[in-house]
Amino acid sequence: MDSIDRALVNELQDGLPVCRRPFDAISNRLGISVGEITGRIGKLLDDRVLSRFGPMFNAERLGGGITLCAMQVPEADFERVTKQVNAFPEVAHNYAREHDLNMWFVVATEQPERVAEVIAEIEAETGCRVYDMPKRNEFYIGLKLPV
Amino acid sequence: MNAVLNPSPYQLDAIDRQIIIATQSGLPLVAQPWDAVAEQLGLDPDEVVARVAAMQEHNVIRRIGAVPNHYALGYRANGMSVWNVPDDMVAELGRQVGDLEFVSHCYERPRHLPLWPYNLFAMVHGYNRDEVADHVKVIAGMLRGVCRGHDVLYSTRILKKTGLRIGE
């Protein structure tokens, strides 16, 4: 990544205007052509510096259900429970974390009422209680990491 | 940004959903990406832009931009910091914590007593765990006098990671 890539990534974290030629303003600010911008974004995606480029959708506003769940899984059962939880297509992300609550996953469903069903099914299959932690309020989501 | 959850989401119609499905894996890398989306869907480009603008106005779309890969950018450590603050102060404190540049997500979530007393979550990023710990100290300083306890949960393994997608 060179200094232009870094400036570009910082610009893209702020977001593009919604218009027919969304790259023109960045092109003027950085002094490079629109073709160079789109080419560099493609390279940054290929190199996995960017994991995605495009609209960031808000899952709740799409009408679906989403929540964060935590479980206290005995170490001896961890691999079995991981397989059982990950087998649900509604489980989007799952992380092992250092805490008594050692498994944290996101449940996302197309129908909001399906969230409670998935939680009940996970509890029944794994034998572990699921602590449901839906967001009540959102203060910031996004990235401002200077690169 | 501070969006209180609205129980009645913006009503998307079939054309909005076509636009979402066409762009959820990414936007075409051309000078006029919405024109390319419009051509693919057989729509007028101005209509596509107007619908995307309306979805952004209603927070169906947060923004049009890029998701950096933290790890590739050198931010190798992240910790989920969690805080027990008074419920009547969580909105104000959440905004202050969410404004910190090293915090990428900041939410209020319910407690589960006695195991889980924390109601404010802030994801903290750093080049290493020492830096994450220093960032957490900054938050602790901001919340001094009102916070009744906190913890930092480091991830040890990614067990599953797939994107959120709507049906096609």
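Is A:R20 buried, partly exposed or exposed? At 29% relative accessibility, A:R20 counts as partly exposed; buried means under 20% relative accessible area, exposed over 50%, and partly exposed in between, with a 1.4 Å probe and protein chains only.

The views below show a predicted model, in which local features need pLDDT of at least 70 and side-chain atom pairs count only at pLDDT 80 or more, while totals for chains, interfaces and linings use all residues. Residues are numbered from 1 along each chain as its sequence is written, chains are lettered from A and ligands numbered from 1 in the order in which they are written, and side-chain values use heavy atoms, with hydrogens and water left out.

**View 1. A salt bridge between the chains joins A:R20 and B:D46.** A salt bridge is a side-chain nitrogen of Lys or Arg within 4 Å of a carboxyl oxygen of Asp or Glu. In this pair the N to O distance is 3.0 Å. The pair runs from A:R20, in the loop between α1 and α2 of chain A, to B:D46 in helix α3 of chain B. Helices (H or I, at least four residues) and strands (E, at least two) are DSSP runs, numbered from the N terminus. B:D46 is partly exposed, at 44% relative accessibility. Over all chains, the structure holds 22 salt bridges.

**View 2. A:R29 and A:E11 form a salt bridge within chain A.** The closest N and O atoms are 2.8 Å apart. A:R29 lies in helix α2 (residues 24–30) of chain A and A:E11 in helix α1 of chain A, so the pair ties together parts that are 18 residues apart in sequence. A:R29 is exposed, at 52% relative accessibility, whereas A:E11 is buried, at 14%.

**View 3. B:R95 and B:E92 pair along one helix.** Their side chains meet in a salt bridge of 3.5 Å, N to O. The two residues are three apart in helix α4 (residues 90–98) of chain B, so about one helical turn separates them. An α-helix has 3.6 residues a turn, so residues three or four places apart point the same way. B:R95 is partly exposed, at 33% relative accessible area, and B:E92 is partly exposed, at 41%. Elsewhere, salt bridges that share partners join A:D2, A:D5, A:E36 and A:R40 into one network.

**View 4. Helices α1 and α2 of chain B cross.** The axes of α1(B) (residues 14–23) and α2(B) (residues 33–41) come within 11 Å and cross at roughly 115°. Axes are lines fitted to C-alpha atoms, for helices over the stretch in contact, and angles run from 0 to 180 degrees between N-to-C directions. From α1(B), the residues B:Q18, B:I19, B:A22 and B:T23 meet B:W34, B:V37, B:Q40 and B:L41 of α2(B). Contact means heavy atoms within 4.5 Å.

**View 5. The largest nonpolar core has 35 residues.** A nonpolar core is a set of buried Ala, Val, Leu, Ile, Met, Phe, Trp, Tyr and Cys residues joined through side-chain atoms within 4.5 Å. The members that touch the most others are A:L12, A:I41, A:F53, B:W34 and B:V48. Elements giving two or more residues to this core include α1 (3–14), α3 (34–46) and β1 (50–57) of chain A, and α3 (45–57) and β2 (61–68) of chain B. Leaving aside neighbours within four places in sequence, B:V48 is in contact with B:I19, B:W34, B:V37, B:A38 and B:L43. A second, separate core of 20 residues includes B:L100, B:L120, B:V152 and B:Y154.

View 6. Most residues other than glycine have a negative phi, and most peptide bonds are trans. The peptide bond from B:L113 to B:P114 is cis, with omega near 0°. A:R48 is partly exposed, at 45% relative accessibility. At 13% relative accessibility, B:N59 is buried.
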